[in-house]
Amino acid sequence: MNTERTKNVLIALLSVIAISLSALIFATEGRYTLSAGQEADIRAVLERDNIHLRDGMVIPRDFQPLRQMEMQRYGYELEELATRFFGDDGFILDAMEMEYKYTHPNNDDGAMMVYSTWTNVVSFFMPQGASNEAFALMQNERGAEILATHFTENLLGMSPSIQHYSTTLSYHGIWIIDFFAVYRGFVLQNDHIRVHVSENGIEIIEYSRVKHSGFIGDARGIFPPNEALMALANHMRLNRGAEGAITINDMRLSYFLTEEGGHSIGVPAYVFSVYMGGMMRFNAIFNAYTNELLHFETAP
């Protein structure tokens, strides 16, 4: 493949897209709702670049100015969580630079609890799977959701703000059940429980919490959804070097915890679930105030 020629073609294509986008931006000035026509236009622009939206995927329409949110890291009671997980307090702690790993001498199946000081996520690993009779009989998406809900309620408890968001089947045949906290209609991206369920039952639970106390400051304008979609497309093609078909599986306007200069705050963010190469899935999170990438991660 002629890399230089491919790059030039890509730049030319993105220039055409930028011209189309300028028309979209002009059409949305002074308005805070994406029209059906504008949505059709952005879908067409993306299709020309071999970027597809999953059938049935909803593009957020409203982009009213939004306030920031008072938000900071959650302080876990790690020993209490380990006692709940293992059934008693006889666990062993191995403290490393970036994580605390909890194991139990009576668990020879490799079960462990790991807390990451970098991501502030607690992960529970059950290599043999945690199941029940009902799931063993059902072995389907609904059974996985019921198993995940009951198990996490018993282990962690679920506040009324935690809601089931989605269930997806990963490329290696694992059900991924996502629960998010919702505040005044907005998903809190960092207030999250993700459960991995195989045919053997629950294998991994990822537990991420934040503390929040409502909106603060004055409302600020956010970028329209069509511009956020173009920022994602440009990032995938130019920064990630993605070639071939890309599928955007999900897009939501959420709040995301940022920690810069020792100061924590929650900002509105567009969150994308993206499939590249048909199999690999990524989460890309863009600051809705600036349209700049906040976080990019490989997803299960």
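Colleague: Hi! What is the mean pLDDT of the chain?

Modeller: The mean pLDDT (the predictor's confidence in each residue, from 0 to 100) is 88, and 89% of the residues reach 70 or more. This is a predicted model, where local features need pLDDT of at least 70, side-chain atom pairs count only at pLDDT 80 or more, and totals for chains, interfaces and linings use all residues. Residues are numbered from 1 along each chain as its sequence is written, and side-chain values use heavy atoms, with hydrogens and water left out.

Colleague: Where does pLDDT stay under 50?

Modeller: Residues 15–30 are one such stretch, with 19 contacts (heavy atoms within 4.5 Å) beyond four places in sequence. Residues 5–9 also stay under 50, with 1 contact of that kind. Where pLDDT is low, the predicted coordinates should not be read in detail.

Colleague: Switching to α6, how many of its residues are buried?

Modeller: 12 of the 15 are buried (under 20% relative accessible area, with exposed over 50% and partly exposed in between, using a 1.4 Å probe and protein chains only), so α6 is largely enclosed by the rest of the structure. Among them are Glu227, His235 and Arg237. Helices here are DSSP runs of H or I of at least four residues, and strands are runs of E of at least two, numbered from the N terminus.

Colleague: And what follows α6?

Modeller: Glycine 241 does, and its phi is positive, near 65°.

Colleague: Is phenylalanine 91 buried or exposed?

Modeller: Phenylalanine 91 is buried, at 17% relative accessibility. It sits in the loop between α3 (78–86) and β3 (92–95), and its contacts beyond four places in sequence include Phe86, Tyr102 and His104.

Colleague: What about threonine 258, buried or exposed?

Modeller: Threonine 258 is buried too, with a relative accessible area of 11%. It belongs to strand β12 and, beyond four places in sequence, touches His263, Ser264, Ile265, Val267 and Leu294.

Colleague: Last topic: which residues lie nearest the centre of the largest pocket?

Modeller: Thr119, Val121, Asn190, His295 and Glu297, out of 32 lining residues. A pocket is an open set of points on a 1 Å grid over the protein atoms alone, where a 1.4 Å probe fits, with protein on both sides within 12 Å along at least five of seven lines; lining residues have an atom within 4 Å of a point.

Colleague: Which elements give two or more residues to that lining?

Modeller: β5 (112–116), β6 (121–130), β9 (186–198), β10 (201–208), β12 (246–260), β14 (280–287) and β15 (293–299).
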